[in-house]
Amino acid sequence: MKYEFTEEYHTGIPMIDEEHAKLFEIANRAYELLTNQFKMDKYDEIADVLEELKDYTKYHFGHEEEYMKSINYGKRFSQMHQHTQFIEKLESYDLKNIDENQQAGLLEIIDFLAVWLQGHIKGMDKRIPKVEA
Ligand SMILES: [Fe+2]
């Protein structure tokens with residue numbers, strides 16, 4: 001499986017779409033790691049993916065929020081609320097727990113990511129108005 005950034009996820013706002021594509025890339029890296037049967041100990045890679053995910057989402061949410069503010073988008077506060085919850089969830093993952101059952105830990109992250117990307121991008125980000133700069 002590859003989690004594809006298909007057209008149904010496009011917002012039409014280039015900066016946001018590019019950054020969402022990158023989030024899909026990170027999700028796919030986590031999935032590749034899950035299905036890699038040759039690697040016995042995946043701890044370092046899991047830690048890397050999780051770290052990158054946290055850094056990149058913060059960076060991306062910052063951009064998205066800046067854009068919503070610049071166009072005075074009325075629904076930006078519910079957006080920001082979801083963003084905060086997403087970051088909190090990522091911060092709550094405990095690498096020690098994940099290390100006890102790496103595959104289960106990876107699966108949990110991947111499922112969370114897939115459900116969230118799907119719900120948030122399709123349900124909220126696609127409604128952000130496209131305004132020419
Ligand atoms: Fe968003």
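**Figure 1. Contacts of F86 in the predicted model.** F86 touches T57, F61, F112, L113 and W116, with residues up to four places away in sequence not counted. Contact means heavy atoms within 4.5 Å. This is a predicted model, in which local features need pLDDT of at least 70 and side-chain atom pairs count only at pLDDT 80 or more, while totals for chains, interfaces and linings use all residues. Residues are numbered from 1 along each chain as its sequence is written, and side-chain values use heavy atoms, with hydrogens and water left out.

**Figure 2. The largest nonpolar core.** A nonpolar core is a set of buried Ala, Val, Leu, Ile, Met, Phe, Trp, Tyr and Cys residues joined through side-chain atoms within 4.5 Å. Buried means under 20% relative accessible area, exposed means over 50%, and partly exposed lies in between (1.4 Å probe, protein chains only). Which members of the largest core touch the most other members? They are L53, F86, Y93 and L117, out of 28 residues. Helix 1 (14-35), helix 2, helix 3 (76-92) and helix 5 each supply at least two residues of this core. Helices (H or I, at least four residues) and strands (E, at least two) are DSSP runs, numbered from the N terminus. Helix 5 gives the largest share of the core, eight residues. A second, separate core has six residues, including I13, I16, Y73 and I128.

**Figure 3. The iron site.** Five residues coordinate the iron ion: E64 (OE), Q79 (OE1), H83 (NE2), H120 (NE2) and D125 (OD), at 2.0 to 2.4 Å. Along the chain, these donors follow the spacing E-x14-Q-x3-H-x36-H-x4-D. E64 sits in helix 2 (residues 43-70) and H120 in helix 5 (residues 102-123), so this pair links distant parts of the chain, 56 residues apart. Both E64 and H120 are buried. Donors are N, O and S atoms within 2.8 Å of the metal (3.2 Å for Na, K and Ca); water is not among the atoms, so sites may look incomplete.

Figure 4. Helix 1 has 22 residues. From its first C-alpha to its last, helix 1 reaches 32 Å, close to the 32 Å expected at 1.5 Å a residue. The expected span is 1.5 Å times one less than the number of residues. Among the buried residues of helix 1 are I16, H20, L23, F24, A27, A30 and L34. D17, E19 and N28 are also on the buried list. The buried residues of helix 1 pack against helix 2 and helix 5. An α-helix has 3.6 residues a turn, so residues three or four places apart point the same way.

**Figure 5. Salt bridges.** The structure holds six salt bridges. A salt bridge is a side-chain nitrogen of Lys or Arg within 4 Å of a carboxyl oxygen of Asp or Glu. R29 pairs with E52, with the closest N and O atoms 2.3 Å apart. R29 is in helix 1 and E52 in helix 2, 23 residues apart. R29 counts as partly exposed because its relative accessibility is 35%. E52 is partly exposed too, at 22%. K22, R29 and E52 are linked in a network of salt bridges.

**Figure 6. Two further salt bridges.** K39 forms a salt bridge with E45, the closest N and O atoms being 3.0 Å apart. K39 is partly exposed, at 32% relative accessibility. E45 is partly exposed, at 26%. The side chains of E108 and K89 also meet in a salt bridge (3.8 Å, N to O). E108 lies in helix 5 and K89 in helix 3, so this pair ties together parts 19 residues apart in sequence. E108 is partly exposed, at 41% relative accessibility. K89 is partly exposed, at 31%.

Figure 7. I98 lies in helix 4 (residues 95-100). Is I98 buried or exposed? I98 counts as buried because its relative accessibility is 7%. Leaving aside neighbours within four places in sequence, I98 is in contact with I46, L50, Y93, G105 and I109. The C-alpha atoms of I98 and A114 are separated by 18 Å, and the two residues are 16 apart along the chain.
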